[in-house]
Amino acid sequence: MNTSHEESPQLVTPKKKNPKGKPVCSNQKLMIINHYKSILENGSGMKFCEIITNISKTTGIGYHTVRKTIAEYKTTKCVKSPNRKRQKPGVVDKIDDFDKNAIRRKVHSFWLNREIPTMQKILIAINEDETMPNLKETSLRIILKSLKFKFTKRRRNSILTERRDVVNWRRNYLSSIRRFREEGRPIYYLDETWINTGDCANKVWVDQTVTSHRMAFLEGLSTGAPNPTGKGKRLIILHIGSVDGFVRGGLLCFESKKNTSDYHDEMNGQTFKEWFEEILPLLKDNAVVVIDNAPYHSVKSERIPTMNWKKADIVNWIHSKGEEVDPSMLIKSDLMDIVNRLKTKYNSYVIDDIAKEAGKTILRLPPYHCELNPIELVWSKVKHHVKLNNTTFKTVDVQHLLHQAIDRVTPEDWQNFISHVKTEEQKIWSVDFICDELTDELQLNPNHVLTIGDTSHSSSDDDDDDDGCCPLE
């Protein structure tokens, strides 16, 4: 009788090691935890490090991953699936607010020169500017869309214009600040910026008579500060000023704790609110405070319902405002109509309410219009002084240089910077009038110019009255 079947050894599936860099899924984490609990229940008396080693060899998962998984379970009492998709920054995230502002100004420069901007012209102008990032047309389209530009169709041509809400915001701002100046109200400008302790001037004066390090040593001269290997620690700075200079006692400076590319991530609504409450008594009566639209400047005083809210929550919000509604007779869309009617009374910001109680007014800049804030020019002067004199790259020394640079900014400097901003305000005020004028000319004379790279349309009668918009997609 053939007994080979009975005598053959049982085959064991070979253990597979988890590939390095591959995320450990929730099932694998659960397997680690179950194995860990099983060892503890058996009371083997193994040390913790021996348990980790045993589980790692049995499962084929790395020692540190097993240890981290168990530690996570002890803390949270659950296992989580890994985030398999790494969030990659898009083209809009890769450029900062200053570059976005510069791109918008490039578009405006065409209008100021009474020339209709096209994608090709803007792309060439940006890429020929050494101070601006080099872009491809697809990237430029995405950035322009994020800046609220759109293509407006005029007969056979598509014209690059700004969205109506941005234009209205800008014109309301310019009208308001002119009115406040005419009323003689004191105007303050605040903003945040940053300085890296490793920043230094790129250019230094060189003594041409010194030809070597040895000669400099023999002459008792310095061979220059060694440039740091990295940017160093980052200092976040917040201040406020006016034609009278920086507000004394208004500086807030602290060391960055987050390793992010955007210094705005360091500030939060509570920190800014506490600083702002301390600053208000230092400002003149009936003052106007100009700020940008950073998230921590725009914390809502009260949440306003949206369609994402549950119907019962929307009803409760409406009832809290003294309105009586019968939810059995209304759907969410009907309730949101009531919310939209009421929200103008309650759609306010925390900072605005605090300023109003103190007899002050908040005036918000339109998005990506930092050239309308003179403190940006002040920061440039401050940073230049710090970089020029930064030789130790130590936090304490950089903080000393910062205070020194701020003290060197005089009221005359502020007045000159504010005067420059007024010139910029006049330019940008003119842009919208020129845009209307040239757009009307193109409507009357469609052969005046043809945009490059944009959709053209036939000159049939159906297109004559078409005033549609083509989104930048």
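Helices here are DSSP runs of H or I with at least four residues and strands are runs of E with at least two, both numbered from the N terminus. By that count, the protein chain holds 17 helices and 9 strands. Please keep in mind that this is a predicted model, in which local features need pLDDT of at least 70 and side-chain atom pairs count only at pLDDT 80 or more, while totals for chains, interfaces and linings use all residues. Residues are numbered from 1 along each chain as its sequence is written, and side-chain values use heavy atoms, with hydrogens and water left out.

**The chain as a whole**

- Of the 473 residues in the protein chain, 39% count as buried; buried means under 20% relative accessible area, exposed over 50% and partly exposed in between, with a 1.4 Å probe and protein chains only.
- Among contacts with a separation of 6 or more, 72% join residues 24 or more positions apart; a contact means heavy atoms within 4.5 Å.

**Helix α11 and its cover**

- Helix α11 spans residues 269–279, and its Phe-272, Trp-275, Phe-276 and Ile-279 are buried.
- Viewed down the axis of α11, these buried residues fall within an arc of 100 degrees, so they line one face of the helix; the arc is that of the directions from the helix axis to the C-beta atoms.
- As background, an α-helix has 3.6 residues a turn, so residues three or four places apart point the same way.
- The cover over the buried residues of α11 includes the strands β3 (187–196), β4 (234–242), β6 (252–255), β7 (288–291) and β8 (361–364), along with helix α14 (350–357).
- Where α11 starts, a side-chain oxygen of Asn-268 comes to within 3.1 Å of the backbone nitrogen of Gln-270.

**Arg-364 in strand β8**

- Arg-364 belongs to strand β8 and is buried, at a relative accessible area of 11%.
- Its side chain makes a polar contact of 2.8 Å with the side chain of Asp-352; a polar contact is a pair of N or O atoms within 3.5 Å, where within protein one must be able to donate a hydrogen and the other to accept it, and residues adjacent in sequence count only if both atoms are side-chain atoms.
- Neighbours within four places in sequence aside, the contacts of Arg-364 include Trp-169, Tyr-173, Ile-291, His-297 and Tyr-349.

**The α2–α3 pair**

- Helices α2 (residues 26–42) and α3 (residues 48–59) pack at an angle of about 130 degrees, with axes 10 Å apart; the axes are lines fitted to C-alpha atoms, for helices over the stretch in contact, and angles run from 0 to 180 degrees between N-to-C directions.
- The two helices are therefore oblique to each other, given that angles under 35 degrees count as roughly parallel, over 145 as roughly antiparallel, 65 to 115 as roughly perpendicular and the rest as oblique.
- On the α2 side, Met-31, Ile-32, His-35, Tyr-36, Ile-39 and Leu-40 meet Phe-48, Ile-51, Asn-54, Ile-55, Thr-58 and Thr-59 of α3.

**Two loop residues with positive phi**

- Most residues other than glycine have a negative phi.
- Tyr-368 has a positive phi, near 60 degrees; this residue sits in the loop between β8 and α15 (375–389) and is partly exposed at 28% relative accessibility.
- Phe-393 also has a positive phi, near 60 degrees; Phe-393 is in the loop between α15 and α16 (395–408) and is buried, with a relative accessible area of 16%.
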